[in-house]
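Please open the structure in your viewer and keep the selection tool ready.

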Amino acid sequence: MLAAGLGTRMRSSRAKVLHELGGLPLVRHPLAALGRLGPSRVVVVVGHQAAEVRAAALASGLPVDTALQAEQRGTGHAVQCAAPAFADFDGDVLILYGDVPLVTAAALRRLRDVHRAEDADLALARMCFADPTGYGRILRDATGRVSGIVEHRDATPAEREIKEVNPGLYCVRATLLTPLLRALRTDNAQGELYLTDVVGLAAQAGRRVASVQIERPDELAGVNTRAELARMEAQLRDDLTRRWMEAGVTFEDPATAYVGPEVEIGRDTVIGPNVVLRGKTRIGEGCRLDGTAFLVDTQLGDRVHVLFSCVADGAVIGDDAIVGPFARLRPGTELGARVHIGNFVETKKARLADGVKANHLTYLGDCEVGTGTNVGAGTITCNYDGSTGKKSKTTIGARVQIGSDVQLVAPVTVHDDAYVAAGTTVTRDVPAGALVATRVPPRVLEGWVARRRAMAGQKPGAAVPAATPRAAKPAKTKARKVSARARRRR
Ligand code: UD1
Ligand code: MG
């Protein structure tokens with residue numbers, strides 16, 4: 001697989017094959033198709049941003065080797081750089097481009113099968129485009145046999161009329177590869193070594209050249225510009241949502257659903273508008289996502305309801321859970337069955353057992369919460385000491401009742417069945433069944449408002465001036481005496 005080029009026409013500082021399609025780097029897409037054929041070895045030719053491209057290729061999970069093409073002198077030169085990896089190999093080598101992302105395993109398999117069935121030395125794919133601009137055109141001799149490929153830039157006006165193009169998919173007998181590559185020359189418009197010239201060279205040498213017509217040309221379109229990338233994104237999105245609709249998923253607005261190629265969705269799940277599902281996100285059956293959600297590598301059990309506007313990354317959500325609106329589930333979040341996460345709740349490295357509820361304005365980080373516990377509004381696990389960067393853990397048992405506005409200063413444990421009173425700052429472990437409260441008794445100053453107003457010379461019903469020394473200043477003399485006691489209390 002060739003993936004060394006910068007992709008000049010993308011006008012980017014990032015290598016073309018690292019640009020994303022469906023949330024994955026371009027290079028991952030053809031590798032996924034290739035992987036389904038179970039190749040005995042895979043070599044990716046890298047050059048621009050070699051380390052990043054290599055990492056992206058390895059993330060495919062295939063046993064990928066890389067060959068470095070330090071200077072990009074054309075697609076033929078790229079294959080020359082990879083050829084040593086096939087020196088001891090006498091099978092068939094599939095050559096494909098990293099910028100042709102929608103290639104299917106079926107197309108690769110057909111090419112390989114035709115190559116073998118016709119006992120060919122070289123087989124190539126071909127397809128017809130109404131607008132073939134940019135592609136290499138397939139040339140045929142008087143008898144109609146494929147005789148070579150001419151690049152768009154090198155083609156005569158008459159050759160440019162040819163609609164049959166080269167999608168850039170080849171299968172070559174490994175033993176023939178090296179002699180063919182050695183014969184390449186740079187006498188062309190770009191001064192490069194064109195891989196496409198091996199077709200003409202093989203034909204001239206009387207080798208058997210086979211070709212396979214690809215019926216759905218859009219699956220072998222190359223990405224060379226950002227406009228092509230956007231068109232392909234729309235097409236991929238369309239293909240994927242259609243596939244999931246066929247599998248029993250409802251999309252309320254398929255045009256605004258973004259389902260990544262590695263995502264799985266169960267039957268009878270309903271996906272509302274503007275939902276983005278990325279990475280290895282898996283959604284169970286009968287779930288409902290109301291709309292505007294961004295889920296990455298997240299797993300939902302069955303019958304989960306995600307209300308409007310939620311973000312989840314690396315979270316696992318149990319059956320029948322309810323999440324949102326406006327919730328943020330960060331990596332390491334594990335929610336059991338029937339957990340409720342409400343509005344403005346953030347979780348991170350948080351394991352919440354079955355039936356836990358945290359319905360409002362809460363941060364749960366580095367914690368474990370036992371079955372059936374209720375977390376009141378405004379609860380914060382204080383996990384970060386602010387200086388060493390160390391995060392400490394909060395452990396909360398089963399059936400615990402945590403009141404509103406509670407801080408749990410980690411490391412700390414609240415044991416089963418305990419009650420934490422509203423407004424408590426928990427700094428020590430709480431035994432099972434205990435009540436913990438840090439309460440400053442409230443002071444009630446009877447008649448305070450009236451005194452205050454008198455002090456400010458105001459009529460009843462006016463707003464009370466703020467109890468700051470500055471605000472108290474204008475009312476000096478009499479009013480001051482009247483409020484002497486009140487002032488002391490203040
Ligand atoms: C190529 C074909 C063209 C075909 C089209 C299909 C050649 C000469 N032309 O043109 O016939 O119709 O693809 O999409 O092969 N690359 C390297 N090293 C290099 C140059 C390129 O690794 O020195 C890689 C690129 O990263 C890219 C792929 O090869 O992934 C194709 O290169 P690109 O420049 O896009 O070729 P096209 O002009 O599209
Ligand atoms: Mg290209």
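Which side chain meets that of Arg112 in a salt bridge? The partner is Asp113, with N and O 3.3 Å apart; a salt bridge here is a side-chain nitrogen of Lys or Arg within 4 Å of a carboxyl oxygen of Asp or Glu. This is a predicted model, in which local features need pLDDT of at least 70, side-chain atom pairs count only at pLDDT 80 or more, and totals for chains, interfaces and linings use all residues. Residues are numbered from 1 along each chain as its sequence is written, chains are lettered from A and ligands numbered from 1 in the order in which they are written, and side-chain values use heavy atoms, leaving out hydrogens and water.

**Stop 1: salt bridges**

The count of salt bridges comes to 21. Remain at Asp113, which is partly exposed at a relative accessible area of 38%. (Buried means under 20% relative accessible area, exposed over 50%, and partly exposed in between, with a 1.4 Å probe and protein chains only.)

Next, select Arg216 and Asp218, whose closest N and O atoms are 3.3 Å apart in a salt bridge. Arg216 is partly exposed at 42% relative accessibility, and Asp218 is partly exposed at 30%.

Then select Arg399 and Asp417, a salt bridge with its closest N and O atoms 2.8 Å apart. Arg399 lies in the loop between β32 (394–396) and β33 (401–402), and Asp417 in the loop between β35 (412–414) and β36 (419–420), so the pair ties together parts that are 18 residues apart in sequence. (Helices, H or I with at least four residues, and strands, E with at least two, are DSSP runs numbered from the N terminus.) Arg399 is partly exposed at 44%, as is Asp417 at 34%. Finally, select Arg28, Glu262 and Lys280, which salt bridges with shared partners join into one network.

**Stop 2: the magnesium ion**

Select ligand 2, a magnesium ion. Which protein atoms are its donors? They are Asp99 (OD) and Asn224 (OD1), at 2.2 to 2.4 Å from the ion. Asp99 belongs to the loop between β6 (92–96) and α4 (105–117), and Asn224 to the loop between β12 (209–213) and α8 (226–246), so the pair ties together parts that are 125 residues apart in sequence. Donors are N, O and S atoms within 2.8 Å of the metal (3.2 Å for Na, K and Ca); water is not among the atoms, so sites may look incomplete. Asp99 is buried at 13% relative accessible area, and Asn224 is buried at 16%.

**Stop 3: helix α6**

Select residues 174–182, helix α6, where Ala174, Leu176, Leu177, Leu180 and Leu181 are buried. The face turned away from the buried side carries the exposed residues Thr175 and Arg182.

**Stop 4: strand β4**

Select residues 42–46, strand β4, in which five of five residues are buried. Val42, Val44 and Val46 lie on one side, and Val43 and Val45 on the other. Strand β5 (residues 64–68) pairs with β4 in the parallel sense over five bridges; two strands pair if DSSP finds at least two bridges between them. Within β5, Thr66 is the bridge partner of Val44.
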